[in-house]
Amino acid sequence: MSNKQSATIPDKRHVKPANPTTLGPVDPVRLWEEIVDGACGCCDPLVKGLLATGIRNHSSFRGALAALIGRKLGDRSVADDALAELVMEVFEADPDIVRAAAADLVAIRERDPATADYVTPFLFFKGYHAVQGHRVAHWLWHNRRGYLALHLQSRCSELFAVDIHPAARLGRRILLDHGTGIVIGETSVLEDDVSLLQGVTLGGTGKNIGDRHPKVRRGVLIGAGAKILGNIEIGEGAKVGAGSIVLESVSP
């Protein structure tokens, strides 16, 4: 049996690979203005409170994102308000996290044909929420707050069914489509413009210690249920089909 099984890219929503011609820096201020405009266009009385809490009550993308992470991941151990305050401190210490979060949101709208605005993924897409929770946990992990980082990892796993080790390195414009069942191991690397569909595992083989997880290069698209195992490289722009088991490096 071959170490690599391939299949056609299978998702019903036909997630698109990143388009290099559309890439560029994202201004969180202008993005937030567009998000607020979108939220103001909703007239459903049952949704107005949700849009106010999630969007209209905040003056900036950074503040709204911190409140969202606090609201989603807060629990009895770490209260919502305390967690939101911590996230704001992380954003102030490293503003690049906010810029990366804005770029992730733009990438979702560009690549996912089911996404017609920014309000929807910002409020409702757990793949997006899991990535932003990870970005905060990653900062904590590298600033001697490992237990709190692992707590956030655990909360993301419990709530979103997305398990990303805080030490894993993620670039910008990351799309976790659907999100459910995605596992990303400790020494994994995802470069810019990577898209993962549901059920993807970036794992080890169980036989090694140290650097033991995949390195996914820029612009890679990995189909639903694919298992990428070991310290191997998925080359730039590659597409891995649904259900594939990959144990050897894939060429760009």
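Glycine 225 touches Gln198, Gly199, Val200, Gly243 and Ser244, when residues up to four places away in sequence are not counted; contact here means heavy atoms within 4.5 Å. The model is a predicted one, in which local features need pLDDT of at least 70 and side-chain atom pairs count only at pLDDT 80 or more, while totals for chains, interfaces and linings use all residues. Residues are numbered from 1 along each chain as its sequence is written, and side-chain values use heavy atoms, with hydrogens and water left out.

Glycine 225 is placed in the loop between strand 9 and strand 10 (227-229). Helices (H or I, at least four residues) and strands (E, at least two) are DSSP runs, numbered from the N terminus. With a relative accessible area of 24%, glycine 225 is partly exposed; buried means under 20% relative accessible area, exposed over 50%, and partly exposed in between (1.4 Å probe, protein chains only). Glycine 225 and threonine 201 are 24 residues apart in sequence, and their C-alpha atoms are 7.4 Å apart in space.

For helix 3 (residues 61-73), 13 residues at 1.5 Å a residue should span 18 Å, and the end C-alpha atoms are 18 Å apart, which agrees. The expected span is 1.5 Å times one less than the number of residues in the helix. Helix 3 is mostly covered, with 10 of its 13 residues buried. Among these buried residues are Phe61, Leu65, Ala67, Leu68 and Leu73. The C-alpha atom of alanine 67 is separated by 9.9 Å from that of alanine 82, and the two residues are 15 residues apart along the chain. Alanine 82 belongs to helix 4 and, at 43% relative accessibility, counts as partly exposed.

Helix 4 (residues 80-93) packs with helix 7 (residues 126-141) at an angle of about 70°, and their axes are 10 Å apart. Axes are lines fitted to C-alpha atoms, for helices over the stretch in contact, and angles run from 0 to 180 degrees between N-to-C directions. Helix 4 and helix 7 are therefore roughly perpendicular to each other; angles of 65 to 115 degrees count as roughly perpendicular, those under 35 as roughly parallel, those over 145 as roughly antiparallel, and the rest as oblique. Helix 4 contributes Leu86, Val87, Val90, Phe91 and Ala93 to the contact, and helix 7 contributes Val136, Trp139 and Leu140. The residues of this contact divide into 8 nonpolar, no polar and no charged. Ala, Val, Leu, Ile, Met, Phe, Trp, Tyr, Cys and Pro count as nonpolar, Asp, Glu, Lys and Arg as charged, and the others, Gly among them, as polar. An α-helix has 3.6 residues a turn, so residues three or four places apart point the same way.

Helix 5 (residues 96-111) has 16 residues, which at 1.5 Å a residue should span 22 Å; its end C-alpha atoms are 22 Å apart, in agreement. Helix 5 is mostly covered, as 12 of its 16 residues are buried. The buried residues include Ile97, Asp104, Leu105, Ile108 and Arg111.

Charged side chains were then considered. The count comes to 14 salt bridges, a salt bridge being a side-chain nitrogen of Lys or Arg within 4 Å of a carboxyl oxygen of Asp or Glu. In one of them, the side chains of aspartate 192 and arginine 173 meet at 3.7 Å, N to O. This pair links distant parts of the chain, 19 residues apart: aspartate 192 is in the loop between strand 5 (189-190) and strand 6 (195-196), and arginine 173 is in the loop between strand 2 (169-170) and strand 3 (175-176). Aspartate 192 counts as partly exposed at 26% relative accessibility, whereas arginine 173 is buried, with a relative accessible area of 12%. Phi of arginine 173 is near 55°, a positive value in a residue other than glycine.

The side chains of arginine 218 and aspartate 193 also meet in a salt bridge (2.9 Å, N to O). Arginine 218 counts as partly exposed at 34% relative accessibility, and aspartate 193 counts as buried at 1%. Aspartate 211 forms a salt bridge with lysine 215, with the closest N and O atoms 2.7 Å apart. Salt bridges that share partners join Arg111, Arg173, Asp192, Asp193 and Arg218 into one network.
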